[in-house]
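Please look over the sequence and the model that follow. The paragraphs after them go through the fold, the surface and the side-chain contacts.

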Amino acid sequence: LELGFLIKLVEGTLDGSGDVGFDPAGLKANPEEYAKRQVREVKNGRLAMIAISGMTHHYFLTGKGPIEFITQIPNFKSCTAAAVETTLCR
């Protein structure tokens, strides 16, 4: 990826978008579908940031991380045991 950046830098075609032409799967062949994928990626990233922010705020408020909190829910262990016994979860 560094080589592509340097080539664009020397040619003067560096536009600041971060696109250095690395596309081995040919995902840019259909520009319409590529634009949809870009929007999906941005939305997915935003959702991930909101999720991490929520977990961080929860930790600051309660002092418990997400896994520790889930395991302390009343009847959590009995619910999981029941799910395994009824073959809903293996």
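This is a predicted model: local features need pLDDT of at least 70, side-chain atom pairs count only at pLDDT 80 or more; totals for chains, interfaces and linings use all residues.

Which residues make a nonpolar surface patch of about 340 Å²? The patch is made by Phe 5, Leu 6, Leu 9 and Leu 14. Of these, Leu 14 is found in the loop between α1 (2-11) and α2 (31-62).

The mean pLDDT of the protein is 80, and 79% of its residues reach 70 or more. Helix α2 has the highest confidence, at a mean of 92, whereas helix α4 (residues 76-85) has the lowest, at 61.

As for the fold, the protein has four helices and zero strands. Read from the N terminus, the order of elements is therefore simply α-α-α-α. Helix α2 can be checked for length. Its 32 residues should span 46 Å at 1.5 Å a residue, and its end C-alpha atoms lie 47 Å apart, so the two values agree. Just after α2 comes Gly 63, which takes a positive phi of about 80°.

How much of the protein is buried? Buried residues make up 3% of the 90 residues, where buried means a relative accessible area under 20%. The accessible surface of the protein comes to about 7800 Å², and 65% of that area belongs to carbon and sulfur atoms.

Next come the charged side chains. Side chains of opposite charge can pair when their charged atoms come close. In this model the count is one salt bridge, taking 4 Å as the limit between nitrogen and oxygen. It joins Arg 40 to Glu 33, with the closest N and O atoms 3.6 Å apart. Glu 33 has a relative accessibility of 24%, so Glu 33 counts as partly exposed.

The structure holds one aromatic pair. The ring centres of Tyr 59 and Phe 60 are 6.2 Å apart and the ring planes meet at 55°, so the pair is tilted. Are the two partners buried or exposed? Tyr 59 counts as partly exposed because its relative accessibility is 45%. Phe 60 reaches 63% and therefore counts as exposed, the cut-off for that class being over 50%.

Definitions and conventions
Residues are numbered from 1 along each chain as its sequence is written. Side-chain values use heavy atoms; hydrogens and water are left out. Rings of Phe, Tyr and Trp (its six-membered ring) pair if their centres lie within 6.5 Å; planes under 30 degrees apart count as stacked, over 60 as edge-to-face and the rest as tilted. Buried means under 20% relative accessible area, exposed over 50%, partly exposed in between (1.4 Å probe, protein chains only). Patches are made of residues with over 30% relative accessible area and no salt bridge: like charges are joined within 9 Å, nonpolar side chains (Val, Leu, Ile, Met, Phe, Trp, Tyr) within 5 Å. Accessible areas come from the Shrake-Rupley method with a 1.4 Å probe; for residues, only the protein chains shown count as cover. A salt bridge is a side-chain nitrogen of Lys or Arg within 4 Å of a carboxyl oxygen of Asp or Glu. Helices (H or I, at least four residues) and strands (E, at least two) are DSSP runs, numbered from the N terminus. The expected span of a helix is 1.5 Å times one less than its number of residues. pLDDT is the predictor's confidence in each residue, from 0 to 100.
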